[in-house]
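Here are a few friendly notes to read with the structure open beside you. Take them one at a time, and find each place on screen as you go.

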Amino acid sequence: MGWALALHGGAGDVPRTLPPELREPRLATLRRCLDLGTAALRDGRAALDVVELVVRELEDCPHFNAGRGSVLTADGTVEMEACVMEGATLRCGAVSGLSTVANAVSLARLVMERTPHIYLAFDGAEAFARDQGVETKDPSHFITEHNIERLRQAKEANRVQIDYTQPLKGQQTPQETPAPIPTDDNSQTGTVGCVAVDAAGNLATATSTGGLVNKMAGRIGDTPVVGAGTYANALCAVSATGKGEEIIRHTVARDVAALMEHRGLPLRDAAARVVAGAPRGTVGLVAVSRGGEVCMAHNTTAMFRACATEAGHAEVGIWTDAGADGESVTVAL
Amino acid sequence: MGWALALHGGAGDVPRTLPPELREPRLATLRRSLDLGAAALREGRPALDVVELVVRELEDCPHFNAGRGSVLAADGTVEMDAAVMEGATLCCGAVSGLSTVANPVSLARLVMERTPHVYLAFAGAEAFARDQGVETKDPSHFITEHNIERLRQAKEANRVQVDYTQPMNGQATQQAQTPADDNSQTGTVGCVAVDAAGNLAAATSTGGLVNKMPGRIGDTPLVGAGTYANALCAVSATGVGEEIIRRTAARDVAALVEHRGLPLRDAAARVVAGAPRGSVGLVAVSRGGEVCMARNTTAMFRACATEAGHDEVCIWTEPDADGKSVSIAL
């Protein structure tokens with residue numbers, strides 16, 4: 001038992017040759033977020049508060065694909081989405097198509113708490129943000145040079161990239177075809193998310209993203225789809241990252257919980273099975289259980305991640321890193 | 001085995017006093033849609049084609065809350081959502097926030113077949129519709145007098161209404177309240193089918209909630225919530241979208257079949273019973289040709305048919321002899 005926390009900054013085929021100037025700032029942010037979340041849990045803060053504050057910190061960091069630093073659509077704009085879910089009550093909130101809201105995850109929470117709805121998108125979501133007086137910025141605030149360059153490269157390659165650059169074909173591509181590992185693509189940022197179980201045993205999850213580089217305007221991914229990229233119930237909390245379309249069709253987050261509930265699998269086995277069921281290179285997730293288990297699983301080369309437990313385990317990592325106690329699970333397909 | 005088909009025009013607390021002028025046109029459309037779908041299945045059409053053509057028919061009918069006849073958002077506009085899913089491949093497509101597209105279900109299928117994405121919404125979805133040259137109409141085409149009146153009533157009562165008018169009080173309220181005098185009686189539409197080859201498909205389409213906040217998305221386009229199909233079964237749900245989302249209703253039916261080995265009917269009954277009274281209805285078919293139409297509301301406009309010869313069109317009614325309809329009294 002006890003509290004536990006896990007967070008991610010995106011999964012993908014990040015090469016181990018990632019240069020220090022791209023690696024160190026991200027590790028530093030992961031570390032800072034882990035410390036913030038851990039301190040809050042020690043203070044007795046509720047899981048929902050903790051996942052929100054951690055994801056806000058990740059959104060504010062320009063090195064991850066959420067909030068500032070979001071990847072660009074085919075139009076060169078930013079369309080952000082986010083979702084929160086509270087396990088004990090199944091309450092949830094989601095937003096899509098935001099362009100000016102500084103912290104999409106917080107707006108998602110306001111949808112949950114201040115409207116009769118779960119999910120608001122595009123103009124309606126932006127209007128709600130203004131009604132609520134949340135912090136907004138000029139759209140240019142969220143756009144970084146790095147992402148302008150990534151969009152340019154993607155357009156040249158005439159492909160849609162996930163955060164860590166798996167070229168996508170239409171859905172007619174059989175799922176058994178492994179995603180090719182790009183030889184020269186240097187995209188290295190990703191969706192962010194956090195899951196936590198607090199001292200009272202309550203679970204919560206939050207995810208936030210700018211989506212796919214060069215996505216069609218209006219494209220919605222897995223992050224705000226409850227049961228796909230984000231899910232929490234009384235048993236566990238899950239936040240996923242990767243190829244949004246795969247995560248949606250495989251209802252990844254819900255399936256982890258379903259395997260625990262219906263098959264009695266431990267969290268780690270449930271997560272490993274779900275991740276193994278998706279095409280290689282498409283999925284990563286972090287999860288915690290009511291009992292304080294933590295799992296960080298991915299079928300990609302890497303996942304920016306961190307976790308900590310009340311028992312004293314703490315970990316910040318990027319690549320394949322099956323620790324002595326098996327907290328990280330990498331599924332080789 | 002054999003083919004099977006089920007479709008719905010929405011679930012809710014529709015009173016048995018529903019007058020003939022509101023009841024008969026809906027029953028006629030359900031019958032016509034059932035016949036179209038059954039004929040297509042007999043001809044050997046694939047399940048995905050069948051659910052699309054049935055839902056198109058329901059969208060075109062102004063008496064149901066989808067396509068023409070969609071309920072109105074708080075600002076008096078129409079914002080339509082739809083989704084399709086193919087069980088054998090898990091391929092899916094969804095759209096939200098449409099205001100001019102004549103048949104959202106068909107645009108959802110185009111998202112699935114002609115883009116690398118699953119889900120497009122609002123301005124981006126409308127732009128895609130124009131790129132694809134699908135049929136579009138002036139926004140006024142979708143708006144009916146009936147729904148203008150429903151919106152007016154909802155604003156008077158200062159509430160958001162589900163198709164069959166469950167007033168909502170924020171997500172803190174678990175129980176949907178039965179309205180005393182509300183005569184709103186139209187609903188989300190959907191269809192599920194298993195074809196002669198054993199392939200499954202689901203499709204759902206809606207205008208959402210009366211007086212919803214602009215930009216509000218419900219369960220219909222969220223894979224796993226209002227719409228889902230895999231190799232075992234296909235499900236299309238209707239009711240209080242927010243309850244269906246948080247319970248991942250459609251996915252949960254399939255999960256109970258897959259992990260607990262429940263027959264389709266028991267899986268559907270369990271999921272429906274787990275939601276607040278008056279909030280959920282669904283239709284489902286299994287690969288083996290089982291059909292189920294379950295709800296925890298007073299009524300659900302629905303119809304189903306099987307290759308074995310079962311044929312049913314109804315609104316209320318108790319479970320029939322072979323239990324195709326399941327009504328959960330809570």
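This is a predicted model: local features need pLDDT of at least 70, side-chain atom pairs count only at pLDDT 80 or more; totals for chains, interfaces and linings use all residues.

1. Let us start with the overall interface. In chain B, 44 residues are in contact with 45 residues of chain A. Together the two chains bury about 3,800 Å² between them, and 63% of that area lies on carbon and sulfur atoms.

2. The rule finds two salt bridges across the interface of chain B and chain A. One of them joins the side chains of Asp255(A) and Arg251(B), with 3.0 Å from N to O.

3. Which elements of chain B give two or more residues to the side that touches chain A? The helices are H3 (104-114), H4 (122-132), H6 (241-246) and H7 (249-260), and the strands are E3 (91-98), E4 (119-121) and E7 (216-217). H7(B) gives the most, with seven residues.

4. Now sort that side of chain B by residue class. The side touching chain A has 24 nonpolar residues, along with ten polar and ten charged ones.

5. Finally, have a look at a strand pairing that links the chains. Strand E4 of chain A, residues 119-121, pairs with E7(B) in the antiparallel sense, over two bridges. To find the place, pick out Leu120(A): its bridge partner in E7(B) is Arg216(B).

Note on methods: Residues are numbered from 1 along each chain as its sequence is written. Chains are lettered from A and ligands numbered from 1 in the order in which they are written. Side-chain values use heavy atoms; hydrogens and water are left out. Contact means heavy atoms within 4.5 Å. Buried area is the accessible area (1.4 Å probe) that two parts lose on being put together, summed over both. A salt bridge is a side-chain nitrogen of Lys or Arg within 4 Å of a carboxyl oxygen of Asp or Glu. Helices (H or I, at least four residues) and strands (E, at least two) are DSSP runs, numbered from the N terminus. Ala, Val, Leu, Ile, Met, Phe, Trp, Tyr, Cys and Pro count as nonpolar, Asp, Glu, Lys and Arg as charged, and the others, Gly among them, as polar. Two strands pair if DSSP finds at least two bridges between them.
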